[in-house]
Amino acid sequence: MHELGITQGIIDRAREAAHGAGSERVSDLYIIIAPAADFTQESIEMYFEMLAGEDPLFAGAKLHFEERPVAALCLACGEEFVTDARQPACPMCRSFEVRLDPTAPMVQLREIGVDDDTAAEDEA
Ligand SMILES: [Zn+2]
């Protein structure tokens with residue numbers, strides 16, 4: 001159910017952003033996902049379909065995922081580095097005793113794309 005809450009959060013944010021932009025249709029959602037996230041893009045797409053599939057605001061919307069490197073700390077030698085690996089090894093000492101930045105968001109809505117066709121039709 002973890003992914004369900006996360007996906008709902010993404011939908012809520014996208015809805016707010018669309019309302020803020022005065023748009024009635026979201027065409028794209030650009031989502032940043034941490035490599036260490038313990039869920040898959042497929043599961044988020046599945047929940048998105050389940051939660052927003054009937055919502056006209058999100059009709060035909062596409063999800064775009066982007067993996068972003070996170071800060072990591074080697075617990076063996078203290079080296080700090082960034083990584084996009086799921087189970088990173090320290091670049092200095094090759095240890096797998098690595099802690100990823102616990103404050104890095106696992107999933108984040110970066111921005112939305114809106115379809116302005118409806119707005120243009122209203123003006124015409
Ligand atoms: Zn190290």
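Keep in mind that the model is predicted.

The protein has three helices and six strands, and along the sequence they come in the pattern α-β-α-β-β-β-β-β-α. So how spread out is the protein? The radius of gyration comes to 18 Å, while the globule rule gives 14 Å for 124 residues; the value is well over the rule, so the protein is more spread out than a compact globule.

What about burial and contacts? Of the 124 residues, 19% count as buried. As for contacts, take those between residues at least 6 apart in sequence: 68% of them join residues at least 24 apart.

Now for the sheet. Three strands make up an open sheet in the order β4-β3-β5, and the pairing is antiparallel. Sitting at the edges are β4 (80–83) and β5 (98–100), each of which pairs on one side only. Going from one strand to the next, the twist averages 35°. In general, strands of a sheet pair through backbone hydrogen bonds, and they can do so in parallel or antiparallel fashion.

Let's zoom in on one of these pairings. Strand β3, residues 70–74, runs antiparallel to β5, and three bridges join the two.

Note on methods. Residues numbered from 1 in each chain as written. Predicted model: local features only at pLDDT ≥ 70, side-chain atom pairs only at ≥ 80, totals over all residues. Pairing = 2+ DSSP bridges. Helix = DSSP H or I, 4+ residues; strand = E, 2+ residues; numbered from the N terminus. Axes fitted to C-alpha atoms, helices over the stretch in contact; angles between N-to-C directions. Rg over C-alpha atoms; globule rule 2.2 N^0.38 Å. Buried ≥ 20, exposed ≤ 12 C-beta atoms within 10 Å, placed from the backbone. Contact = placed C-beta atoms within 7 Å.
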